[in-house]
Structures are given as C-alpha cells and as structure tokens.
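Dear colleague,

Please find the structure we spoke about just below, followed by what was found in it. I have kept to a few topics, and I would be glad if you read them with the structure open.

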Amino acid sequence: MALCDAEKTFVLHGVQDNFRIDGRELDDYRPMELETDVVSHAFGSARLRLANTDVLVAVKIELDVPFPESPQNGKIEFFVDCSANATPEFEGRGGEDLAIAISNTLTTAYSSSLAFDSRKLCLLNGKKCWKLYVDILILECGGNLFDAVSIAVKAALWNTRIPFVKNVNIDGNNIDLDVSDDLCLCERLDIENAPVMVTVCKIGDKCIVDPNAAEEHCSMGSVVVAVSGTKISTIYQTGTGSLHPATLTESLQLGFRVAIRLNEALSKVLSRIRPDEEAGFLK
Amino acid sequence: MSKNKELISKIGLRLDGRRANELRRIRCKLGVFTEPDGSAYIEQGLTKVLAAVYGPHEVRGGRSKAQHNSAIINCQFSMAVFSTTERKKRPRGDRKSTELSMHLQQALEAAIKSELYPFCQIDVYVEVLHADGGIYPACVNAATLALIDAGIPLKEYVCACTASLANNDIPMLDISHQEEVLGGPTLTVAALPMSGKIVLMEMSQRFHLDHLDKVLEKALQGCKDIKEILDNAVRLHVTDIGSSTGWANTKH
Amino acid sequence: MSDGYKTLHPVKYYREFLSQGIRPDGREFNTFRPILLNVGSINTADGSAIAKVGNTTVVCGIKAELCKPKPDAPDCGFVVPNLELPPLCSAKFRPGPPSDQAQVLTQLIAEIITNSNCIDLRDLCIVRDKLAWCLFVDFVCLDFDGAVVDAAVVSLLGALKTVKLPLVEYDPALESTQVFLEEKKPIKLHSMPVSTTFAVFEDKIILKDPTLEEETLCSGVFTIVLKDDELCCVHKPGGSPLAPEELVKCIDESKLRTPLISSLIATTLKS
Amino acid sequence: MTTKEPCLCLPGQRLCLSDKTYTAGQGTYERQGYIYSQLAGCVDIVDKDNIKVVEVHTTGEQTVIPAQGDIVTAQVSVITQQYAKCFIKCVGETVLRRPFRAVLRREDIRATEKDRVEIYKCVRPGDIILARVLPITEAHTYHLTTAENELGVVIAHSEAGHPMVPISWTDMQCTKTFAKEPRKVAKVVPEHFNAPSETLKP
Amino acid sequence: MPVDHKRINGPEDTVPYSLYTKTNKQSLTEQYEEIRKTGQRTDSRAFSEHRKIFVRTGAVSQAKGSAYIELDNTKVIVSVFDPREIPNRPDYSLKGELYCEFKFAPFSCHKRRLHVQDAEEKQHSAIMKRALESTVCLHEFPNFQVDVYATVLENDGSCLSAAITAAGLALAHAGVPMYDIITSVTMGIQRDTFFVDPTVTEQNICLYPRPSESDTEHGIVVLSKLHTHDQVSQFYQFGNVSLDKLNESISILDETCRELVPIVQKYLVKHVVKNLQRNT
Amino acid sequence: METELTKSTFSCKLGILSRPDGSAILSKDNTTVIAGIYGPIEVKLQKLLIDKASVECHYRPKSGLPGIEDRMHESIIRNTCEASLVASLHPRTAVLVAIQELQNSGQLISCAVNAVCLACLHAGIDMKFMFGAVTCFSNGVEMSLNPPAQTHIKAVFVFVFDSTEKRVIASHTKGIFTKEQFEEAVELCRSGSDQVFDYYKKVLTN
C-alpha cells in the first residue's frame, strides 16, 4: 500500500483527535467474524475475518516421541503460511520473514506451561506424545495480523478434539497405542490461558489498537503484547522506530487492558458456537 | 487392472454413489476477498480452492521481463499444508506445485486476451484448501471465475475436468481422490468449451488408444457442463452487484 | 596515498615491494607470521582452542556425542570435521550454504586428519558394535587473512589436547548407558600434524605463510603438512607449475615450523 | 586540520546548539535545536561564509558512498556501443574496500560533439579514469561523466600490455612499442595518478 | 534429516552424553531455592549487578568494523561491513537497510547447534535488526545495505543483549553514521527474584514456572536503549509475568543499560585515541 | 618397481558431445570420465576478470549431487586449467569445464585431469602447455604406477605435470610418506607422464 504524505497527515491528525479514519476510537476493534470447524479433515480449525484480514487455522495431530530433554512434554508446532492470495509480495518465499516472525512469537507465547500445558499431550513419559501442528494460512491482509492469528489459533485449539487413548501396551521396546475410533470419545484441550495478542501501534504521540493497513503504514513501530490469563506471556516489538520508556509502559498498559477485554469477548463467543452452524466461504 | 473393475458397481453406481457421467456438486462464489482485484472460491465435491487475481499492473522485477505485445500471466499454485490427509511439509516450491503452476499458466494464457495489455503483468494465485481429487480442474475453474471477477477480458470461459475409464470400458467423469488412488488412468482436459478447443490435456497412466475418443469426449462434455454452472454463478453474481444503488450489498 | 595505488594496481604494488626482497607487511619471503594459541577457553565445548596466525583467526570446538558404530567398522568411532567460513570473517563470503572454498577446505582438513592418523578411531569405540564416541570438530573462521588451513590445524591440535571424555559404562543386557562425569580422560593424540601454506607470486617467488592479499594476487597456493618427520599431505591444487626441486625445498622449509608449534602447544598447555 | 588538541566525540553526543552561527555538517545531525555527532571521531569546525559548519570525521577509514558531484577514480570493466561499465574504487581520496558499480554512458564522455563519440576510442577495459558522479536516479547503478577537461583516462595500458603516456587530449602512446591509441585523456598528467584528484578538489 | 552435500555429515543418530549422566546434580528448582535462601547468585553477584564486560574493537581485520565482547563466559563476536547494493531489489529506496545475522557456533551451547540457522537464531536476528534500525542513520546510505554478523562463541546467558551492545560498538568502529550509543541488557524473572544479566543456569531457572505453585511468575526480558535520546529501541519478553513486575523490570533494565554506557564510551574513546596516535 | 604404465589400458574418443566446443571421453583401468569445454563464452559480472578469462569448473559425480570431495576435484582441475590456458587472450570471458564421472575404480583425479586436457586440445583453446596427470602408489617399500594388487597401500600420489618443462602443476597425496619417498614418487610420475603425453599425441594424430 502506498500512501502520500497528505494521506498520512490525515490519518495522523485523526488519531490525535481520537477519531480514526474508519470512525473508531483509539482502543476500538473492528468487527470480527469467527467460525470453527471449517476444515473437515483437521482435528480442529477456525477461520477469523477481522474486517478484511482473513486467517484460516487448522490443527493436525500426529503421534511423536518427546524431546529427550523434556520427556514429560508433548509437542506443539506453529507454521504460518502467507498465501500469495493476500498480496503479490508474498509470492514464492516473499512472505517468509513475516511468517517466521508470527510463528516465533506464537511459539514463545505458548512456551510457558502456564499459558499452555504441553504435559497433557504426553502419553508415555519419554516414549510417546501427541504433536500438534497448528497451521495458519493467511488469506488476506487488512492489518493487525498478530491479533487475528492469535484469536484464530485460540479458537482452533478450542475446537480441537484429541483422540482418546484407551489402552497403552508396552512390550519391551514396542509400544502399542489403542486409540479410540469413536469420534464422541475425545478430549478437548484446556485453552483457558492460551494467549491472546494485541498489537499496540504508535502513531504520532498516541497509541492505538487494531490498526488497519493504512494506519500500520503510518506507524513508526508497534508492540505486540500477548496476554495469557492475567499475565503477559510475550512482548515483541515490530517496525523501526524507538519508544520512550514512558510510552512503552503506557502501551503495555493499553495492550494488557484490551487483551483482557478481547479474551472475555472471545470466551463468550466460543461458548455460544453450536456444532451444526453453517461455515465456510460460501456464506 | 483387477481393481478398476470395482469402480462402477453392477447397477452403474460409483463409490460415492454418482453415475458415470455425473459431476460432483459444484458450489462457487465470486468476490470473496476485497484486497485482490478479483477473487473466487469453488468447491467441487470436497475439493476446495481459492483463487485471487491481481492486475493488470506494471511488470514486477525489472522492465526487462516485460513483453511488448502482450501481458505476462504469472501463476502460482499453492496447497495449504493441512489440505491433504497426511500433513504436507511445504505449501509450495516442490516439483508438483511448480508443474501445476506452469500448466495453469498455459491454460489461462489461451483464454485471456493478453494482447490488450502490453508491458503488463497479471498475477493469478490459487490456494488449495482441501484436496480430494481433481485439484487442477478446480484451480482452472476458480482462476477463470477470479479473472471474470477482476474484469479481465477473456476469449471465453476456460474450464477443466477429469475423466477416467472404469471397468476397462465405461468412461466416467470428474474423478475423486478415492477413485484416483484405486487406480485407472486419469485424463485431465482444460478446454474452451464454447469453441470446443482443447487447451491442455494430460494423462496419468496409459490406456488403449481405442478408448481415448470416448474418454476425451466425456471430459469435454464435463467441461461444457462446468461452463454452464460457472456461467450461472457469474450471472447471479453480476446481477447481485450490478445495481448501482448498492442494494445487492445487503445480505439476503 | 599508497592505499590508492594498492587498490588500483595491486600486482604492480606487490611487484615493486617484492623486487626489494620484502613483503608489504614487512616480512621477508620466508618468514612466518607470529602464532598465538589459546586453549580450553570455551566451556560449552568438550575441547576448544583459538589459534591466530597473524590476523587469521580460527576457533576450533569439539563436541562429543554418543552413537552406534557403523556395521562395516564396528570398532571405530567417528570424527566429523567441518570448517565454516561465515560472512563474519571476510567480505568475500555471503550468508547461506558453505561457499566452494569452505567446502574444499573442509575436505582438506578431513584428509589431513585421516592421513596423519592423529586420532585413532578405534580409541573412540566404547563397546564394539554398540556404542562409540562421535567427535564433532567444528572450525569457525573469525578472521580470514590467508593460510586458514595452518591456523585450523594448530587450533585442531590445541582443541584435541584439551578434550576430556567422561567414563561411559554400557550394560549390554539392559542396553542402558551410564555416563560418569567425575571421571574424565583425555584422548590419545597419536601424531602432531603441522601445516604450512605457501604462495607463488608470478611463477617465481615463493612466499611463505601468505596473507589473504598475497593469496589472491598469487598465481598458486599450496599446502604442505608434516607429521613429525614424515609428510602426510602435499596439496597443490594447480596454479603455477613448480620444479620438483622447489617443492622439496619448501618441504624442508616447512620442517622449521614443527618445533615452533610443538613448543607453542606445550607452553600453552602448561600455563 | 586544526593544530590544537583534537576534540573527541561519540555517536549521539550533543555538540552544540544549532543556530545562525552553527549548522550541522558532515557526520552530524540536528534534532530539536541541537547538533549531535553521528560518528566516533573528532569534531572539526569549518568556517564557510561566516557560518560555522560543525563536522565530525572518523579517525579511521571513513564509510563513504559516492554522492552526486563527487570526483571518483574508477576502473573500466566492459565497454559496449552505448556505455562503459566501471567499478568505482576511490571516492575523492578515500579508498573503498568494496567497489561500487557505475556506468559511463556514451553521451557523458565528452562535452562536445556528443553524438560522434565512439566508446572504444575513449576508454578501454582496464583503464583507470577520473570521473564525476551524476545526479542519482532511480536506477541501481551510479552514472558517471567525464565531460570536463580534467576528467578522463589517467592510466592506461596499450594492446601489448605496457603503460602509456598521454601525448594529446585524444591520444596516448605506448612507452615500449610507441604505438598510439585513442583515449579521452584527462588534462593533468602527474607522476602519481592520485595527484590530480588533489589538484582538482574544488 | 536431509544429507547436507556441502558439509561432512556425521552418523545419523548421535545423542549428547549428558542425557545419560546420573541426576545427582541439583535440579533447577533446588538451585533456585538455594539462591533464594542464601540471597546470593551462583557467581556471588548481587541480583542487580551486571557481569564485568570485556571488549575488544577491531578483532576482525577483514571487516570494516568489529567488536568482541565477553561477559565472563559469554563470548560474542560481531563484524560490520561496508555498504553494498541490496541484492534482488530492483526499485530505489530512500533509506538504506540493515542486514543482521545472528548465529550460534556449533559448540557454543550445552547442546550442539546445527550449521543451518534455526528458528531461534532467525528470531534473534530479527530482534537485533529491530534494535539497530533505530540507531543507524539509514538515510545516509540510500539503496545500500550494511551487513552486521554476530556469532556466539560461547553462550553463558544474555547472548542476545551482548550481541546488540557489541553490534553498536562494531557499527561505531566501522564509522557507520549512528544517532546514538546503544546498550542492551537481559533480565531473568522467577517469582519475585530479578536476575540482571543472567547466566545460562539462571536463564533456565526463569524458563519454567516452579511446579506445584499455580500463581507464579517467570520469564526473560531483553531491553535495548539509546542513551542520549532516552529511547527504547527494542523490547522483548517471554514467559509469564504480571504487568506490575514488567514495569518494575523495565525501570531496572533502564538503569542497568545506563550503567553500561560509560563502559561502551570508554572503549570507543580508546579506539579513537589509538587511531589519532597512529595518524600523527 | 613398475615404471611402465600399461599403455593398452587407455582408451579415448574425442568429440563425442556435440554441444561443447571440445569434448573427450577417457577411460583407464575401468575409470571413465567425460569432459566438455565451452569457451570462450560470456561471463557473469561477478566472475568477470578485466585482464583474462575466468575458468569455471563443474564436476558431476556418477550419481547424486556433487559433495565436498567433488568440490576439491573441481578446484584442482580449475586451477590446473588456469595455469595452462592462455587466459589473457580472451579477457572478460569465461571458459567452462564440465566433467562427468561415469565409472570409478581408482585414479579418478588423474583420469579426469587427462580427459580435461584432451577436451581442451579438441576444443582448440590456446594453451601454454599440455598437462598430464599420473597416479603412483607406495606400499612403504616400493613405488608403482599401477595399483598393487592385494598389498597394503601406504600412500597414493597424484601429480599433474606440464608438457614442456615437466614441472609440477598440481599435487595431491593420501597417506603417510617420507620426503625421500615423495621425491621418488615425483620422479617416477614425471617419467610416467611421458607416456601420457605420447598418448595425447597418438590420439590427436589419429
């Protein structure tokens, strides 16, 4: 997106007066649409549309062996793919840097066992565990990718059903797992504390949340705050500019406050989702 | 060859209950995204594909690549890592995706009136969300819809379809993943259905030359049928957004 | 002033210096650069050393891991050397997979290690066909200023001298392994290879221990590796042809380095 | 250089107020009314029409990139009908560690009779030229010009590989074979090639 | 793992021997309990005390600028090169670019590192770039890129902040125009203990919550600061920390970064003086 | 001591490839190599040399991708060609040497080097001299130009000589040896190289 100086000034002045170009206030979010169970052969999935940011997340599960240094933990891996559908710049390997930044932030945000307890994915100490592949496909970029991805991931994990293991037979070095075929007999993940990310974007002297593409363009830098429960699990700065320590504290405050609000709203929405709702791109 | 016999049962039904010349259900939508100049979503049975079109715009990556008499059609085929039952390692960059990108480009070049846009480039990106047989035809069909949505002049629709030979004798249409796996040759045809021209034809296995005619005929018939369905969708879409008063933007 | 001349006409610049019997850095044709060695400075490695030959700096770190021997050599362990020329060490290199030069040097070092027999792979076997040590010998070049192989070989010796491997007990019945960190033993060094690099300027003058500039301007570079009184590598990958007598003379020249380096290693280890 | 004790400074160090008497020059930047240093080096105050320009110079090698109007020393690598490709080796008196690519176009070689210029009669691959950097365009490479008397070929070798000396402003002669070769010769021909850049300094 | 044709590949399944050692070593929890009890860190530093810094500028003769930094056992070397044309970029940009590469040497960590850059190294490269971008006057070299390479020779904690501080020094040493001096400090948090400039063991203590306690805080924080203009150029945290703790940590880190400035200045002045003496 | 190279084992055909400017297939003792030369051709800007041609070398092993050992072969062949080709005749161009290994039963380097020389001769590229490679084996006591059967090999030497003054262009050794053995090996190979150059002449005159 290319903006001329006049357009930038317009955005900047709007922000200064707490009246953003799409009419929002500084700490307002754009409308979101959330659907779960959109990918039929995944163990869990979700699609989030935040204005014109579109993210699709699918969770696949495989059996694996725990890392030797953490034999009691299962594995969770995040993979982000920036589809060229979002912008021609992502063609080939163009979106790789952004994708790695997002997946690394997710990995660190989920790394603490207080945010996501991977011990529950372990089936047999040091021998067998579940590995969750959380695959994120970015289909359209209308700004604020980190937030959208984190919400979609949380929803997809909420939607995930882990097969129930009926029996574990150990015979020397051979391990046989008896996995239940019954779809109703499955476990769900505890995502109570799964982190929600809020990007606080600094424009001029003010901080805003949920920037759209134009606002992102005008910003000198932003802080991604990942909040898990009532604690902060990751902070990651993006963009180029630097911040005064006071501004940093202020934006952390704002991000924290908004994240708590967002998390509450998300929980409410998730509890309302019924399994038989029509979902998909045809709607 | 013994496996092939079971593809159509005695009463003429296929594994998923279709008749030999029956297509899977096609559902599609134009203009699913706002950012690209044109976009479309298509479902053919369980196969789901998203397509986006950007352009025509200035040639990226140096003017040296530009052509003075036509636009460059740049295609990228990509498959979501979760689109297959077994998780894929990479969404693109492997040999199969590069080949499919090229085939897609060849099919679209035949339909786009690219001579109208010299020194320009048109990007077509397709993303497979769910692969269940007939990926290539779904991509071609989705790309066609996205091009129409982007308002890029086409000579006519370009449609693609697969056909196969069941029980060593009966040609059948629109092969699902299950049928692909069970064996039998798959003939993929991309065609301009109105003029009946074949743009691209590819076969996965050998079968006797005597059968080619009827299988090809079936595939072409499939392309024509698909064209009708796409045409309907386009007409609906155009009437939907056609009104200048904007009444169409409200949800029904 | 001289800088400009050097960049515009490097060959002429050198020719003028060398015609006076001296090299631009003040050395004579057959003078070595000073060598510095520092051992055991990296605590995360099982053995380590930093060697400096003039400006050229190479760090060698050895990490020992356990593995199963190969079926065709059940009583042998492994030594896996790799030399990295990261973009950090010179503007010549770009990020990404190893350059051709790094690959050739890795191969040369690997050949020097096998030819000189400085480590007996059988010493690295713990239980025949079951368990053996694998020494990952990684060289990282920090400053690329010519004669990298020489510096790498010195650092290799220093690192090998400091390697201490813990005692390992293997129970074949339970197939279980136990490692006792309290009891560590050094590995036996069977020989001491010493490498000397030469460069040939305009088919005539032979320069010992060349800098990077000299290596690039010269029409050929070759390396002689001695192991005590014997030779274990005369590697001349093309370049200016030399009469056999000249090569033999260089072998004699390089013999001068062995006592220097063995005393260097001895004093470094003592302190 | 000033003879008095040099005044050291570090990046980000506040040097003085920026006002009518003092302005920020090379190696400094201005922020909120003050002049700050960009480099670790020495402060140098240059008087220019009653305005004191505050400059900072590094004591080691300078990090420079060619800018518009700079006199550069370049080596010609390839010639075609339209242009000569060069590598910039020095900017002013600073020797570069890494050469920059540049192009000397046919129309920029001479000031007069531009359309009759033939590249191979002006420069040859391997020649060392003095040139001025033209305004920087959107292209990736620098454009050079030698359309001044003092600019052009300063060092060249003949076909036989021997050094040549200038004999007129369009010809040079081999010192061994005495063969003449055409060149766009720079006016000042000193003993050492880098002397002209000093004398030419505006 | 795919075979790397450009290196010598070892046998396939090698395991570090430390996995088979008897676990008579203190567990991290016990170590932490002891630190809390005695009120002293393993290397008998105060909790807010930074380790001694040793710096050598100009360690790499082939680079335009370089710096080697030691925080006791943590050893990082950084080199900076002349601006060069940005590869694969056809359009003109008014600002220059920084290219940062952060790499662990294979033997630098407890566990052997692979040669190919992994996710953590890529993340660290991105953070380094982010920290330095607001320090370097990018408009001074439009359309060019300055390469900054950092290699960790030994990691005993706080290697990212050490690399950032060293990169600042190396850039100044290379004569790259900069707005300010940059310093960076890491901090580990475990419950109510703040470890300034943690060692690897202390970092590991802060990596996981203590078991059996549900409401516990832990995490790692890295902060980089520009001195004169009092600006945070980069802030990175992970773990599980309350907002109040985080604010507290920011002020402590801010203070520690300030303490490092005179040390960095000292080495830069040394370098300038040395050059002056050589020139005269 | 065997000083005779069993000549009959050489077999060669020139010009077996149509695309390169010169090509040769050479086999000796069941080691077979094809070499092709392209040049002078256009050069990439990165590798451009102002005063001479740059030599590029691509070595392909029998199967799979080239590994680091093959890179070393490349470097030996490239530097040997650089020394022997009159590179200053074609400044700002490149000479491309492509080598395909077909069969390897030892003495690979010398076979490849000799094949490249024959390909250069076939291409008619200006050369200062021809070059020929000879391999020699030592069992600690005596030397032989042919691989000794059964006996323990202590060292292997490969030398590349120029055809005019018989100086050493390249040398590559494996194993441990004394200075005297080295001198002996050089002498032996030097005399053995005559047969290589004779063979070249035979091939070219036929």
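The contact between chains E and C takes 36 residues from chain E and 48 residues from chain C, where two residues are in contact if their C-beta atoms, placed from the backbone, lie within 7 Å. This is a predicted model, in which local features need pLDDT of at least 70 and side-chain atom pairs count only at pLDDT 80 or more, while totals for chains, interfaces and linings use all residues. Residues are numbered from 1 along each chain as its sequence is written, and chains are lettered from A and ligands numbered from 1 in the order in which they are written.

On the side of chain E that touches chain C, strands E1 (15-16), E4 (74-80), E6 (97-104) and E7 (144-154) of chain E each supply at least two residues, and the largest share, 5 residues, comes from E7(E). Helices (H or I, at least four residues) and strands (E, at least two) are DSSP runs, numbered from the N terminus. The residues of that side divide into 15 nonpolar, 12 polar and 9 charged; here Ala, Val, Leu, Ile, Met, Phe, Trp, Tyr, Cys and Pro count as nonpolar, Asp, Glu, Lys and Arg as charged, and the others, Gly among them, as polar.

Strand E3 (residues 56-67) of chain C runs antiparallel to E1(E) and is joined to it by 2 bridges, two strands being paired if DSSP finds at least two bridges between them. Within this pairing, Leu66(C) stands opposite Val15(E) in E1(E).

Turning to chain A, there are 5 helices and 14 strands, and the C-alpha trace spans about 70 × 45 × 40 Å along its principal axes. Buried residues make up 49% of the 283 residues in chain A, a residue being buried if 20 or more other C-beta atoms, placed from the backbone, lie within 10 Å of its own. Among contacts in chain A between residues at least 6 apart in sequence, 69% join residues at least 24 apart.

In chain B, helix H2 (residues 135-150) has 16 of its 16 residues buried, and just after H2(B) Gly151(B) takes a positive phi of about 75°. Over residues 157-221 of chain B the chain is 29% helix and 40% strand, with the end C-alpha atoms 14 Å apart.

With best wishes

Conventions:
A residue is buried if 20 or more other C-beta atoms lie within 10 Å of its own, exposed if 12 or fewer, and partly exposed in between; C-beta atoms are placed from the backbone.
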